[in-house]
Number of protein chains: 2
Amino acid sequence: MCVSSVFANRTSVSSCLRRPLTPHSVAVMGDNDESEIIEHHDDEEMEKMRTPRNHSQSFLESVASSKDGYSSTQSSHRLLAYSDALISIIATVMILPVAHTKFQDNEELKQSLQALLTTKIAVYLMTFLIVTVAWAAHIRLFQVIERIDDTLALLNLACMMLITFLPYTFSLMATFPNNTLGILLFCACVMVIGLIQALIVLYGFSHPFLLNDQIQMSENQAYYKRRILEIIMRVPIMCLFASVFSVILIQVSYIVLAIVIFLPYISQCLKWIGNKAIGGQVEDSPDSVPFYTYHPSEPLSKERVEAFSDGVYAIVATLLILDICEDNVPDPSVVKKEFDNSLVAALQENGPEYLAYFGSFATVGLLWFVHHSLFLHVTKATRLMGLFNTFSLAFVGGLPLAYQLTHEFPRGSHNELEAVQISCVIIFFAGLFQLAMWVTALFTERETLHPYVRYGGREHAFMLAKLSLYPCVALGTFVFTCVLSRFSTSIFHMMEIGVPFAFLVLRLLVRVALVLLRWLFCPARNDLDRVPVEEGDSHLPINEIVT
Amino acid sequence: MCVSSVFANRTSVSSCLRRPLTPHSVAVMGDNDESEIIEHHDDEEMEKMRTPRNHSQSFLESVASSKDGYSSTQSSHRLLAYSDALISIIATVMILPVAHTKFQDNEELKQSLQALLTTKIAVYLMTFLIVTVAWAAHIRLFQVIERIDDTLALLNLACMMLITFLPYTFSLMATFPNNTLGILLFCACVMVIGLIQALIVLYGFSHPFLLNDQIQMSENQAYYKRRILEIIMRVPIMCLFASVFSVILIQVSYIVLAIVIFLPYISQCLKWIGNKAIGGQVEDSPDSVPFYTYHPSEPLSKERVEAFSDGVYAIVATLLILDICEDNVPDPSVVKKEFDNSLVAALQENGPEYLAYFGSFATVGLLWFVHHSLFLHVTKATRLMGLFNTFSLAFVGGLPLAYQLTHEFPRGSHNELEAVQISCVIIFFAGLFQLAMWVTALFTERETLHPYVRYGGREHAFMLAKLSLYPCVALGTFVFTCVLSRFSTSIFHMMEIGVPFAFLVLRLLVRVALVLLRWLFCPARNDLDRVPVEEGDSHLPINEIVT
């Protein structure tokens, strides 16, 4: 029936797909409220897992149909997407004070860059890190609470409000390191966020149908609740200490705050190194909480990593056009006075900015494209991949600064050359950390990658080529600008314009290269096609593909 | 098996869900490339519809496995989400030049507001409209092209680059209405966007596996292709006329551009009124294209409406904090000189801005919350609902202006009173158009709403209360500010702080109100519970619920 209605229009197809649900929901009337409110683009996973439960729960519901809560249970999909959008914008936004730093015309970039590096860029990077730590905590929380109702949605909005205020309090703290107020405000923000999260957990455990199914079915709910609350409350309690110390001895409170942010990473690093050194792998007890482990291979919601990355790429791509829209529409009176009523002449002044806009949009767009291609092949994201993703995004967030710099200085000056080189460095590292994600995924390829991109396939080589294109081009441009310092900007613009076309013909190039290499190493070819090369030394994948 | 593994950890559950696919993809090796690359949070719909096709296509693929294209087919889900994020940011961003207008202290707001209204606000609203028209065209295009490959992704990025540049060219055109350059740039942008879209359609029809399944299975592919190309090329051709006329007679080219934007709406309005007047409903021929009809009930991708709205709400919620982060971190030297090294005193200067930030975030967050609740109940979005959604979002986009105004003027001045009133008006209309969406959905509730929110249910009354809370509160605040002009700002702040709590207890309030009303009209109660009231006079739903 469903197959034949493919010929009918879209509406009837979707109603055909809904049809199997209808008799079920008619038969079990109380079930309606909860099962149908789940949005259609929800995880299939959740949908399937909930079906067996619904039958038993519907009795409960029909008995206690007047009880509040059940009727308003919702999928958390859109709430999380909105939160991701907010957090990604806030993480990226602290580049604005850096990018909008005004340079004096007679000032050398080298000197002003040092001033920038010491304070503003460090503040930007730290803010990015702190916001992503808050984001990771948010992911952990909503891996435990899988469904929401109105109260949770409102609590989450309150949490978001404070997270978006965090960068401001942090930059206050960084600007006035010796003033207690900055650190107090920052700690207050973090503490309230922690308390709201604890409240969400308490609320979730008092309404168990909102919880993750695994916890919901477990008999150790009280244990889970205590354990999760302990982990969540660690941060606000340490912030309380920090704020107490800020009155007594301000240095101690900074150390406490640093511990809050870095401790999970450091302890996991040490544990990992220890395990590698001893050789033995300590297994977790089967009873432990599957979330809140801070283990590098802890699963991370792939959907949310994508949503967060999309937000960062989108806001970075539009930051320059925001500036252009606000500043570069010339005033009619100025055009009349200074440019003899010639709009063309007035706009020519801003020529470099338009070029920088198109260049920045193309670069950000293509880095997004590479990220998109990468995540198409990924089946499961891990904490470590998330970390590399954060680093890559932090560099992507630096691009508006790079492009502001490239059009800030007069043509052919020493400063412009350096600005171009900084842009190359930023693009290089943004691309390199994307490559690092891929390498991390390859280490556990059986769990994290689709079968057809594992070692040895044609898609594998193509993906590798996509990922290495930007680092290679950025490195090449950097070297060229050092050698041919006279033509540096033209080389940079050529790179900007050329790369999209390189992506278009990349598939062709990879195929030609593979054919050439196979032709050279002809006898090895048949082995390659049948036996996929085992994982191991993942740092030489090119060799492994062709030999 | 799947049920029992609910007890196991998350990874094994998801692999259990993937298992049904595995034998299939092992059996049909060539199929791997296409079927598994589809992301997991993709529409179930698409997944199910494609299954029967895969068997027949896999033969083709295994025969022509060396042919380019098949192996790189991808779900368009994430590409569209990214496009939605970009377009929503760009649509909202033109409020910045309006919000950042500097007011002279001695200037009356009334006068400066008139100056604002005549140019900047009109430019903002027109830009918003134009960008949403481009967005609607993008939706139509990707309802025809349902799967993408690398070439299409790159073409789409090029299209996005030009769409994000559109607001700038439009504001140039609006600032210099008598200059040919602005109109030429705008027309050039629109024409290139149209050409890229035509290219995408041509590419899609030359690789039919990328197309919508309905068109793919149809025998009239050539007809569809011609028809869609005709509709798409209409806009660039009219822009070509407009740019030719701009050299001869500039007024004519403006008329042509206005026709481009409004013609579909006007013609549909006239057709609808005509149909209502005559009474007869002209049926579309069964052979016509299901998309590109411009009919008010034409289906609109619900997912994309949500993604676009989320983008607008997210950027509006963060616009104020962007300003605060950039401007309100005081300079250490200034604090030392002017405030006697007291950071508290320096920050007190910005007090109203922080309050405005929290107020704006709460309002935007709650308007998002209402929108979210509304779309949880909607099963299918239509073109007309999309139009009301656009209007609502345009007013939401005006909120940063309102909040800039409320803290711009000295306390208790006549200007501040007016700023508060403007804020109320903006909130009122943003809420009213959300209510209009709900009413539109009720008109065709069998198609567009979940069964449990149709007339007569408890959820229906609750949804209505949620939707009418903000318009009522805004109207009440407006009236109070007129009557008690002395306390206007305190009333406004009370509203900002009180509304979130109102939402928390709303469910309780609605229940109490319903119980009271039912108690008053006791005999009618039993009829209500069984027979759902038919649609018709949807303007009095409260009465229909309780009587």
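In chain A, the centres of domain 1 and domain 2, taken over C-alpha atoms, sit 28 Å apart. Domain 1 runs over 74–275 and domain 2 over 302–521, with bounds that come from an automatic or database domain assignment. The model is a predicted one, so local features need pLDDT of at least 70 and side-chain atom pairs count only at pLDDT 80 or more, while totals for chains, interfaces and linings use all residues. Residues are numbered from 1 along each chain as its sequence is written, chains are lettered from A and ligands numbered from 1 in the order in which they are written, and side-chain values use heavy atoms, with hydrogens and water left out.

Chain A as a whole comes to 24 helices and 4 strands; these are DSSP runs numbered from the N terminus, helices being H or I with at least four residues and strands E with at least two. Of its 547 residues, 56% count as buried, where buried means under 20% relative accessible area, exposed over 50% and partly exposed in between (1.4 Å probe, protein chains only). Take the contacts (heavy atoms within 4.5 Å) in chain A between residues at least 6 apart in sequence: 79% of them join residues at least 24 apart.

How do the two domains of chain A meet? On one side 33 residues of domain 1 are in contact with 29 residues of domain 2. The size of an interface is often given as the accessible area lost when the parts come together. Here the buried area (accessible area, 1.4 Å probe, that two parts lose on being put together, summed over both) is about 2,700 Å², and carbon and sulfur atoms give 69% of that. There are also 4 residue pairs in polar contact between the domains, both residues at pLDDT 80 or more. A polar contact is a pair of N or O atoms within 3.5 Å; within protein, one must be able to donate a hydrogen and the other to accept it, and residues adjacent in sequence count only if both atoms are side-chain atoms. On the domain 1 side, helices H5 (77–93), H6 (95–99) and H7 (109–144) of chain A each supply at least two of the touching residues. The largest share, 14 residues, comes from H7.

Side chains of opposite charge can pair when their charged atoms come close. In chain A, the side chains of A:Asp84 and A:Arg304 meet in a salt bridge at 2.7 Å, N to O. A:Asp84 lies in helix H5 and A:Arg304 in helix H13 (residues 302–327), so the pair ties together parts 220 residues apart in sequence. A:Asp84 and A:Arg304 are both buried.

Chain B has a salt bridge between B:Arg304 and B:Asp84, at 2.7 Å, N to O. This pair links helix H13 (residues 302–327) and helix H5 (residues 77–93) of chain B, 220 residues apart, and both residues are buried. Within H13 of chain B, B:Lys302 and B:Glu306 lie 4 residues apart, about one turn of the helix, and form a salt bridge with the closest N and O atoms 3.7 Å apart. B:Lys302 is buried at 14% relative accessible area, and B:Glu306 is buried at 3%.

Terms used. A salt bridge is a side-chain nitrogen of Lys or Arg within 4 Å of a carboxyl oxygen of Asp or Glu.
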